[in-house]
Protein chains: 2
Amino acid sequence: MIFSKRCNHGLRAMLYLAARDAENANVSIRDISKELDLPFHFLTKILQDLGEAGLVVSSRGVSGGVRLAVPASELDVLRVVDVLEGEGFLRGCVLGFEECSGKNPCALHDQWKAMREDLMAMFSSQNLARLGERPGKKGNRKRSAAGSKR
Amino acid sequence: MIFSKRCNHGLRAMLYLAARDAENANVSIRDISKELDLPFHFLTKILQDLGEAGLVVSSRGVSGGVRLAVPASELDVLRVVDVLEGEGFLRGCVLGFEECSGKNPCALHDQWKAMREDLMAMFSSQNLARLGERPGKKGNRKRSAAGSKR
DNA sequence: AATAAATCAGAGTAATATATCCGAATATCC
DNA sequence: GGATATTCGGATATATTACTCTGATTTATT
């Protein structure tokens, strides 16, 4: 898995919110957690972070919950990844060097630069509205079992 | 940072070994650790894993150390990443679903599939011999300071 | 044989990521 | 106003990753 659990959970939740964005209603975190089989309390924290970053808004109380802060058509995967993995995830040096630039490149600098741009383009190319239309079949939504590594 | 520390350390060490491969001599882990400013004992474990995977060979005793198990021209970044991150790192579903295939795809399946192939191609396109020729300037080899996230 | 330089193996510690628990605050409904 | 359903905030617990320590084993040199 290339992303952290945190980021995975967050992405799935955002896709789910996008799919239900048309309802224009709050979706309770409990519902998301049940539907996608994600750990409720953890998901709460993740959505709070996405809230602070301005991607979702939340309201408390009896018919409270969360919803996208902006139209799903204006959100993309990259914005979610930037919040949950940190901006250095894609933008940093692939070998982890603090200083890695054209002047002072690591061995993979040039290739990674090109690849990174492709990755960022891909992650921002399609908005959540479009992706939310095809959230995968029901059976596919379940959280994956304990992975092999990482 | 996209890779784990483990993988970063291992990649840097392998690049270093590749650069010194022509000497056809053992390189002590202590030397690698000092030269690249990587934690010695941790690096030892990492190189043991790379040894088990057949990428390096080691010998004990007074002029012992490690060296590449095959010519640097036959090794590439992908092989190192596969060992240190696990093969699922690039090959698994980008959203972390256990079952994600053409029949049962996640929302990002098709795009990720294409991207993943590019990534794998890039990481296997240039061998360590070539990359080792340009290991970055001295000041750039130092281990990066504590990162912002992850 | 003694010494020294190195990896190996396994346990131990520290830090971070992942997840849970609980009480407080807030909003809706009756 | 009381009951209920929700998020919020902070503390705690567990798992994984990152790293350290120590003692054993191996090998070269003298």
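Close-up 1. Leaving aside neighbours within four places in sequence, A:Gly51 is in contact with A:Val56, A:Val57 and A:Ser58, where contact requires that the C-beta atoms of two residues, placed from the backbone, lie within 7 Å. A:Gly51 and A:Ala69 are 18 residues apart in sequence, and their C-alpha atoms are 8.1 Å apart in space. The model is predicted, and local features need pLDDT of at least 70, side-chain atom pairs count only at pLDDT 80 or more, and totals for chains, interfaces and linings use all residues. Residues are numbered from 1 along each chain as its sequence is written, while chains are lettered from A and ligands numbered from 1 in the order in which they are written.

**Close-up 2. Helix H1 of chain A and what covers it.** Chain A has seven helices and two strands, these being DSSP runs numbered from the N terminus (helices H or I, at least four residues; strands E, at least two). The 15 residues of H1(A) should span 21 Å at 1.5 Å a residue, and the end C-alpha atoms are 21 Å apart, which agrees; the expected span is 1.5 Å times one less than the number of residues. H1(A) is mostly covered, 12 of its 15 residues being buried, among them A:Cys7, A:Leu11, A:Arg12 and A:Tyr16. The cover over these buried residues includes H2, H3, strand E1 (56-59), E2, H4 and helix H7 (128-132) of chain A.

Close-up 3. Helix H6 (residues 109-125) has 17 residues and reaches 24 Å from its first C-alpha to its last, close to the 24 Å expected at 1.5 Å a residue.

**Close-up 4. The surface near DNA strand C.** A residue is near a strand if its C-beta atom, placed from the backbone, lies within 6 Å of it. DNA strand C is surrounded by 27 residues, of which the closest are A:Pro39, A:His41, A:Gly61, B:Ser28 and B:Ile29. H3(B) gives the most to this surface, with three residues. By class, the surface near DNA strand C has seven nonpolar, 13 polar and seven charged residues, where Ala, Val, Leu, Ile, Met, Phe, Trp, Tyr, Cys and Pro count as nonpolar, Asp, Glu, Lys and Arg as charged, and the others, Gly among them, as polar.

**Close-up 5. The surface near DNA strand D.** DNA strand D is surrounded by 25 residues, and the closest are A:Ile29, B:Lys5, B:Pro39, B:His41 and B:Gly61. The largest share of this surface, three residues, comes from H3(A). The residues of the surface near DNA strand D divide into six nonpolar, 13 polar and six charged.

Definitions and conventions: A residue is buried if 20 or more other C-beta atoms lie within 10 Å of its own, exposed if 12 or fewer, and partly exposed in between; C-beta atoms are placed from the backbone.
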